[in-house]
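Here is a short note for a colleague who has not looked at this model before. Please read it beside the structure.

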Amino acid sequence: MIDLQHVNKSYGQGATAFHVLKDINLHIDEGEFVAIMGPSGSGKSTLINIIGFLDTAFEGKYFFQDENVADFNATKASRMRNRHVGFVFQNFSLIHNLNIFENVLIPLSYGGHRRSEVRDRIAELLESVGLAGMENKLPRNLSGGQQQRVAIARALANSPQFLIADEPTGALDSHTSADIMQLFKELHRKGGTIIMVTHDEHVAEQSDRIIKILDGQIISDTEVAHATK
Amino acid sequence: MRLSELIRISFRALAANKRRSFLTMIGIVIGIASVVTILSLGNGIKAATVKNLQADTQGQQTAEITFNPTSSSETDAGFKESDIALAKQTAPDKIKKVVIKHDKERLQVNGQLANADTMMSVTLVNKAKPNIQLNAGHGFSQDSLQADGEDAIISKKLAKKVFHGNAAALNSSLELGTKNYNIVGIFSPPKTPYSALDVDVLVPEKAYRAGQLSQEGRKLAITYTPGSDVSKLTKDVVEKLKKSGSERRSGEYSYFDYGELLKGIGNVISALTLFVSAIAGISLLIAGVGVMNMMYISASERSQEIGIRMAVGATPAEIMKQFLLESVMLTLTGGVVGLIVGALTAWVIAMFLPFKPVVTLGSVIGTFAISSIVGILFGLLPAKSAANKNLIDILKS
Ligand SMILES: Nc1ncnc2c1ncn2[C@@H]1O[C@H](COP(=O)(O)OP(=O)(O)O)[C@@H](O)[C@H]1O
Ligand SMILES: [Mg+2]
C-alpha cells in the first residue's frame, strides 16, 4: 500500500541545504503495525510526515495505491489526508474552543458530512476510545490521556486507510501510555494499519515491525517476535 | 465543508473573542451609520425640494409653451385655436388637454396716453381693491370689472412722467387696444421685487379682453397623461409649432423645461449627498483597516488550529473561505447594526428639521453590499496568509 522508492529530503537550498532523509526505500502493507525508532533529530518526523501526505516536497517516488504522492498539490494532498490518513500527534492537537463532539467532527465536515448525519458515528467513535457521552465537554476539562483518546477518535473518524502517530505517548505517563497502546493494539487486531514514531523501547515492542533510523537512513528493519503470537 | 458548518465555525471563532470582535465591529457600525444618516437626510431633502418645486398641486404633469413676438408691432400675436389642434396632433394619446393662457401680468402694451404713443407695462386684475397703496382717486368700481368697464389706475411714476402730477392725471383718458379708459386712481407700486403689481397700469381683465381685437394668448398650457415624458413631448410640440404654428413668422416659441430643472436640482442634491457620504465613508476605510488588523492577529494566533484543520483535510481554499467568512460576518453584522443606528439617527435629527428622512431600498442594498465588500477587501490578505501557512512549520511548533 505504501511504497517509498529512493526518497530524499533536504531542508533549505544550495550550500546551506540540510540533507535529512537519505535514499529511503520502504514498503508497508495493509494491516501492518510499524514502529519507527531513532534518536532525536534523526528524521523520524520528517519521514512520517511524508508518509502521511503532510509533506509532498521531497525527491524520489512515493506510491500510495499506485498514485505518486510527489505529484500531489496542496489541495489534492488535503483531500487524500482527509480520506485516507488518520493523525495522532504528541501534543494532542485539539482545538480548544470547540467541544469534543466538534473536534471529532472536523475531518467529517471537511469530508462533506452534515453535523446531524454523523451524531451516531461520533458517539460510536467516542465509545470505542472509552469516552462515551463526553461530546459536550471542552478539551481543557479532560486529562492528557483523555485528550489523546479524543485525537485518536478524530483520527479514525473517516475510517482511514492508515493511522500515523508521532510519539503518541511522548507526553503521557507510563500508565496512561499503556492504555493508549492498548487502544492501538485493539485497532491493529481489527485490521488497522498503524505507523507510529516512538523512542520508547517498551512502546515499540508492542508493534509487529521496528524500523530504526539514524541520520536519515534506515539502519535496521526487523519483525518483532511476540511471545503471545 | 458545507456552508452551514462553515458559517457555524466562523461564528464560533468570532464568539471566542467577543471583546475583540465587538470593538472591531464598532468601527464598521460608526462608518455605515454615518453614511446612512447622511444619505437618508440627503434623500429627504431631495424629495422635499423636488416636491415643492413641482408647481401642479394635483400631481398633474403639465408644461407651458411661451410665444415671444420678435417685433413690437406684433404684440397681439400669440396662440390660436389652430395651434391647439396642432399641439394635440403631436401625441394624441399622451396629451390630455391644451388651453391657451392669456398673460395677465406685466404685459408690454403700446397705448395712447395724453395723445402720445407710450409703451406701458400692464397687469390685469379681477378685484375691485387690489393689494396696492392708493395715492389719489379711488379703486375700481364693481361695474368696471365687467366687459364694458372703463376704469384704469396708473402708477405715480407714470402720472408724474406724462402728466407732471397726480391731479392732472386723474380723469384723463388712456387708450389700450380699441378701448378708452378713464384714469380713476393713482397708486404706488409695492416695493416687493418682481411683484405682479409693480407695473405702470392696472386695468380689470374682462374690460381689457373686450378691447383686444384678437384672442391670442402668449402661453399654451398642455396637460399630459400621467407617466408621460413631459420634456420630450413638449419639445416635440415646440418643434411642430416652429414648423407650422400660426405665428411662426412673427415670433419665437420657447419652452422652459421644469423637468430638466427638477432633474438638475435633484442631481445637485444627490451629488452633494454622495460627496458628504464619501467623506463619511472614509471612516469605513479606517474601520476596514481595523478588520484587517484583527484578522491578521487572529490568523497568527490560530496557526495551531489552521495546522490541525489542514492536517485532517482542510484545503487551503477552505481555510481561506473560513477566514474570509469571519471578516464578512463581522462587517455585515456591523453594517446591519449601522443601518439601524443610522436610520434612527436620521429620524431623530429630522425631528428638528422641516422634512422627513428617506431610507431608500438602494441604501439598504448598498449597506449590505458595501459592508460585504469591506469584509472581503480587508479580509482577503489575512485570509490568504492563513491559507498559505506552511503546514510542516505549524506542526513542528
Ligand atoms: N522545517 C525544517 N527546516 C529546517 N530543518 C528542519 C526542519 N524540520 C526538521 N528539520 C531538521 O531535520 C532534522 C530531522 O528532524 P525531525 O524529522 O523532526 O527529527 P525527529 O523527529 O527524528 O526528532 C532535524 O535536524 C531538524 O532540525
Ligand atoms: Mg520528531
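**Notes on the two chains and their contact**

1. The accessible surface of chain A is about 10,200 Å², and carbon and sulfur atoms hold 46% of that surface. Such areas come from the Shrake-Rupley method with a 1.4 Å probe, and for residues only the protein chains shown count as cover.

2. This is a predicted model, in which local features need pLDDT of at least 70, side-chain atom pairs count only at pLDDT 80 or more, and totals for chains, interfaces and linings use all residues. Residues are numbered from 1 along each chain as its sequence is written, chains are lettered from A and ligands numbered from 1 in the order written, and side-chain values use heavy atoms, with hydrogens and water left out.

3. Chain A has 7 helices and 10 strands; these are DSSP runs numbered from the N terminus, helices being H or I of at least four residues and strands E of at least two. Of its 229 residues, 54% are buried, meaning under 20% relative accessible area with a 1.4 Å probe, protein chains only. Among contacts in chain A with a separation of 6 or more, 67% are between residues 24 or more positions apart, a contact being heavy atoms within 4.5 Å.

4. Chain B has 397 residues, 46% of them buried, and its secondary structure comes to 12 helices and 11 strands. For contacts in chain B between residues at least 6 apart in sequence, 78% join residues at least 24 apart. The accessible surface of chain B is about 20,600 Å², with 59% on carbon and sulfur atoms.

5. How much area do chain A and chain B bury between them? The figure is about 2,400 Å², 57% of it on carbon and sulfur atoms; buried area is the accessible area (1.4 Å probe) that two parts lose on being put together, summed over both. A:I95, A:Y110 and A:R115 supply 27% of what chain A buries against chain B, more than any other three residues.

6. The contact involves 29 residues from chain A and 25 residues from chain B. Between the chains there are 2 salt bridges, each a side-chain nitrogen of Lys or Arg within 4 Å of a carboxyl oxygen of Asp or Glu. One salt bridge joins the side chains of A:E102 and B:R12, at 2.7 Å from N to O. On the side of chain A that touches chain B, α2 (74-84) and α3 (100-110) each supply at least two residues.

Definitions and conventions: Buried means under 20% relative accessible area, exposed over 50%, partly exposed in between (1.4 Å probe, protein chains only).
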